[in-house]
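Please have the sequence and the model open while reading.

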Amino acid sequence: MSSFIITIDGPSGAGKSTICKMFSINDGFVHIDTGKIYRSIAYILKEVTEEELNKLELDFKIENLQVLFIYKGKILNDIILSEDIAKKASTIAKNEFVRDFVNKLARTIAQEGKFVIDGRDAGSVIFPNANIKFYLDAKLEERAKRRSKELSVDYSQSIKSLSCRDEQDTQRKIAPLVVPKGAIIIDTTFLSVEEVYNKIKSYL
């Protein structure tokens, strides 16, 4: 059995993870959230130094079509959602070794089956030969609204945080956030989650 891979790239708050979860629930795709791999590494770096990254032991298992990331027997998925972890994850994403580690792990996970992958370079770098690629975007203000609601943080704080992350993601030298070659661009600013999902389904 070969893999069927959908990639969904775009800036933070554009709706990538939500859409991937819908494809997992409704269509049987395993959801690989590359952002959670970076967040997991950011969390682990509390315990290890960057020099020790070459000994990094981040495991995974697939359960209910979701990828659970495990470190020292602890499932990290629910404890890596803070803004502090998000900021650190964006910072360490500049590290070439870290990016190579994430890319290799994502490819290892997606060896066989149906997968939907979201991230900043899922379709441009990790899976350039994906079966179909999408790029979700939305205005900064709308993304901040979504993020503040999702994480229960102040709207002005979300604006500042997302603006900073956008700058980091688009201007980093290694695998910056870009529209992948051949990707279908969807502006989600004025679309409901269901409308975005149905639009993507129409291309499939």
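## Helix α7 and its buried face

In α7, the residues S158, S161, L162, R165, D166, Q168 and D169 are buried, meaning under 20% relative accessible area with a 1.4 Å probe and protein chains only, whereas exposed means over 50% and partly exposed lies in between. Seen down the axis of α7, these buried residues fall within an arc of 165°, so they line one face of the helix, the arc being that of the directions from the helix axis to the C-beta atoms. The face turned away from this buried side carries the exposed residues K160 and Q171.

The cover over the buried residues of α7 includes α2 (34-44), α3 (83-92) and α6 (140-151), with contact taken as heavy atoms within 4.5 Å.

## Helix α8

In helix α8 (residues 193-203), the buried residues are V196, Y197 and I200. They cover an arc of only 100° around the axis, which puts them on the same side of α8. The buried residues of α8 pack against β1 (3-9), α1 (16-27), β7 (132-137) and β8 (184-187); helices (H or I, at least four residues) and strands (E, at least two) are DSSP runs, numbered from the N terminus.

## Basis of the model

This is a predicted model, in which local features need pLDDT of at least 70 and side-chain atom pairs count only at pLDDT 80 or more, while totals for chains, interfaces and linings use all residues. Residues are numbered from 1 along each chain as its sequence is written, and side-chain values use heavy atoms, with hydrogens and water left out.
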